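Trainee: Hi! I've got a new structure open and could use a guided look. Can you walk me through it?

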Amino acid sequence: MSQTKVKTLQNYVGGEWIDAKSDETEAVYNPATGEIIAHVPISSQEDVDHAVKIADEAFKDWKEVPVPKRARILFKYQQLLVDHWDELAEIVTIENGKNFKEAQGEVLRGIENVEFASGAPSLMMGEQLPSISNGLDSGVYRYPIGVIGGITPFNFPMMVPAWMFPMAIVTGNTFVLKPSERTPLLANRLAELLEEAGLPKGVFNIVHGAHDVVNGLLDHKNVAAISFVGSQPVAEYVYKRGTENLKRVQALAGAKNHSIVLKDANLDNATTQILNAAFGSAGERCMAASVVAVEDSVADEFIELLTEKVNEVKIGNGLDEGVFLGPVIRDNHKERTLQYIETGEKEGAKLVRDGRNDEDAQREGYFVGPTIFDNVTTEMKIWQDEIFAPVLSIARVKDLDDAVELTNTSRFANGACLFTNDGGSVRQFRETIDAGMLGVNIGVPAPMAFFPFSGWKDSFYGDLHANGKDGLEFYTRKKVLTTRWV
Ligand code: NAD
């Protein structure tokens with residue numbers, strides 16, 4: 001595709017598609033081909049100011065719209081998302097690289113968030129306590145907080161924005177989304193469908209760009225709260241700067257998720273689950289399995305079975321039938337991943353499967369074949385850092401105590417999984433592991449929309465997580481009314 005035919009995306013503000021005031025743009029690539037598919041504006045502070053002004057004005061009317069009426073718009077939106085499911089999934093595959101089935105799954109996770117938020121009339125109910133004293137009654141009423149800024153990562157262009165804006169707007173707030181500049185296309189389609197669902201102008205807005213837009217939102221006095229999802233250093237920065245500006249901030253960060261395989265586990269299930277968890281979406285999931293601690297006595301068998309299955313994986317363009325492993329997001333991310341593989345070798349880990357050699361990984365686009373290291377230890381960078389690519393580290397452990405101790409030394413604590421047939425081990429795991437989202441005999445324990453996405457330690461900064469009742473609490477504030485009528 002020649003560059004002249006490639007369109008430059010527009011921002012969406014006050015129900016209008018408008019050019020960013022800044023002239024700066026960045027190329028958006030299809031990572032499976034290396035082709036430029038769009039240009040994204042790198043908007044300026046002025047663009048943010050305009051969007052926040054419009055969102056702030058829209059808030060005045062939107063917060064007065066009865067909750068059932070707001071929910072009805074989301075019902076319509078849910079139907080539109082279902083009607084456009086495959087079209088949305090195709091956009092996800094083209095801009096992100098994950099295979100079409102995974103993209104369809106991601107769209108479903110987004111739809112589930114809309115469905116959960118559509119229950120706003122029940123969710124928004126307060127609580128009453130009559131007769132707190134003679135003739136005195138008290139009750140809690142719930143209200144929106146204002147303009148919300150949402151900042152999202154490249155790896156889930158549908159699901160992560162949907163963790164934020166459906167609940168934020170149905171509770172009466174207005175929203176300014178800053179999508180990842182690496183996967184900005186889907187957000188625009190989500191806005192078009194919101195408009196079709198009947199959302200009033202100015203309630204949902206998009207300002208494309210990078211750190212200037214983020215800083216603009218973090219510093220703007222009329223932004224009440226920031227929902228951020230992205231890498232650890234940026235999450236920490238966003239949390240510090242946002243809270244210093246006295247905003248509510250929830251900042252979901254990076255991860256290094258551990259799976260533990262005990263000798264009594266069903267190894268067939270464990271290897272299938274871990275294959276999906278480690279190499280699905282090219283390892284670019286905040287819930288990806290990146291370390292497996294395997295009980296020594298079954299480690300050889302586990303690795304043999306896993307490698308056998310991994311060797312069957314089809315690498316290629318995620319739109320092609322049967323492809324499991326797509327590309328990583330950019331050429332520099334591929335480069336960084338190859339450097340980690342070299343580092344792992346230098347650090348003395350045993351390279352059991354070298355994804356650099358896969359024939360299909362040599363094609364155009366940013367491909368790295370599934371890579372497995374054995375004998376990984378906690379001093380190694382490949383154990384410590386989030387690589388965010390199809391690279392799996394295996395550590396051999398004596399027993400569950402040993403595995404839990406190893407897992408708990410990580411600074412990250414998003415997810416952890418245990419593979420076993422023993423209830424006592426499950427209980428010990430649940431009680432002793434430091435991680436916020438646990439799985440037993442499953443590989444990716446990502447909670448559904450009605451539960452909190454509950455990372456711990458350096459995987460999360462804030463108090464109220466995304467989703468579930470935490471999401472509702474984050475986007476609302478309460479009045480407590482005490483009345484005397486006698
Ligand atoms: P990223 O941190 O590079 O970008 C996230 C957002 O922050 C983007 O919108 C980007 O434009 C903005 N940004 C980047 N650098 C910035 C800077 N210096 N100042 C201000 N803003 C900046 O993350 P990514 O690479 O797009 O996404 C992958 C990361 O997100 C991984 O670390 C992954 O674990 C994490 N993630 C976490 C969760 C979770 O629930 N904890 C979910 C999805 C992704």
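Mentor: Happy to; let's go from the overall picture down to single residues.

Mentor: Keep in mind that this is a predicted model, where local features need pLDDT of at least 70, side-chain atom pairs count only at pLDDT 80 or more, and totals for chains, interfaces and linings use all residues. Residues are numbered from 1 along each chain as its sequence is written.

Trainee: Okay! How many helices and strands are there in the protein?

Mentor: The protein has 16 helices and 22 strands. These are DSSP runs numbered from the N terminus, with helices being H or I of at least four residues and strands being E of at least two.

Trainee: And what does the C-alpha trace span along its principal axes?

Mentor: About 75 × 70 × 40 Å. A compact globule of 486 residues would have a radius of gyration near 23 Å, and the protein has 23 Å, which agrees. That radius is taken over C-alpha atoms, and the globule rule is 2.2 Å times the number of residues to the power 0.38.

Trainee: What share of the residues is buried?

Mentor: Buried residues are 53% of the 486. A residue is buried if 20 or more other C-beta atoms lie within 10 Å of its own, exposed if 12 or fewer, and partly exposed in between, with C-beta atoms placed from the backbone.

Trainee: Where does UniProt put the "active site"?

Mentor: The unreviewed entry places that feature at Cys 286. Cys 286 is in the loop between helix H10 (267-279) and E13.

Trainee: Is Cys 286 buried or exposed?

Mentor: Cys 286 counts as buried, because it has 27 C-beta neighbours inside 10 Å. Apart from neighbours within four places in sequence, Cys 286 is in contact with Gly 254, Ala 255 and Asn 414. Contact here says that two C-beta atoms, placed from the backbone, lie within 7 Å.

Trainee: Which residues get the "binding site" label?

Mentor: UniProt's unreviewed entry gives Phe 154, Lys 178, Glu 181, Arg 182 and Glu 386. They span 233 residues in sequence and the farthest two C-alpha atoms are 23.5 Å apart, so they do not all gather at one spot.

Trainee: Where is Arg 182, and what does it touch?

Mentor: Arg 182 is in the loop between E8 and H7. Leaving aside residues within four places in sequence, Arg 182 is in contact with Val 28, Phe 154, Ile 329 and Arg 330. Glu 181 is also in the loop between E8 and H7, and among its contacts beyond four places in sequence are Glu 26 and His 208.

Trainee: You mentioned H7. Which of its residues are buried?

Mentor: Leu 186, Ala 187, Leu 190, Ala 191 and Leu 194. Down the axis of H7 they fall within an arc of 145°, so they line one face of the helix. The arc is that of the directions from the helix axis to the C-beta atoms.

Trainee: Why would they line up like that?

Mentor: An α-helix has 3.6 residues a turn, so residues three or four places apart point the same way.

Trainee: What covers that face?

Mentor: The cover over the buried residues of H7 includes strand E1 (11-13), helix H2 (67-83) and helix H6 (159-170). Just after H7, Gly 198 takes a positive phi of about 100°.

Trainee: Switching topic: how many residues are in the largest nonpolar core?

Mentor: It has 81 residues, with Phe 175 and Val 238 making the most contacts inside it. H6 gives the largest share of this core, 10 residues. A second, separate core of 66 residues includes Ala 277, Leu 325, Val 328 and Ile 394. A nonpolar core is a set of buried Ala, Val, Leu, Ile, Met, Phe, Trp, Tyr and Cys residues joined through C-beta atoms within 7 Å.

Trainee: Last one: is Asp 296 buried or exposed?

Mentor: Asp 296 counts as exposed, with 12 C-beta neighbours inside 10 Å. Asp 296 lies in helix H11 (residues 296-311), and its C-alpha atom is separated by 5.6 Å from that of Val 397, 101 residues apart along the chain.

Notes: UniProt positions are given in the numbering used here, feature names are shortened, and annotations may be inferred rather than shown by experiment.
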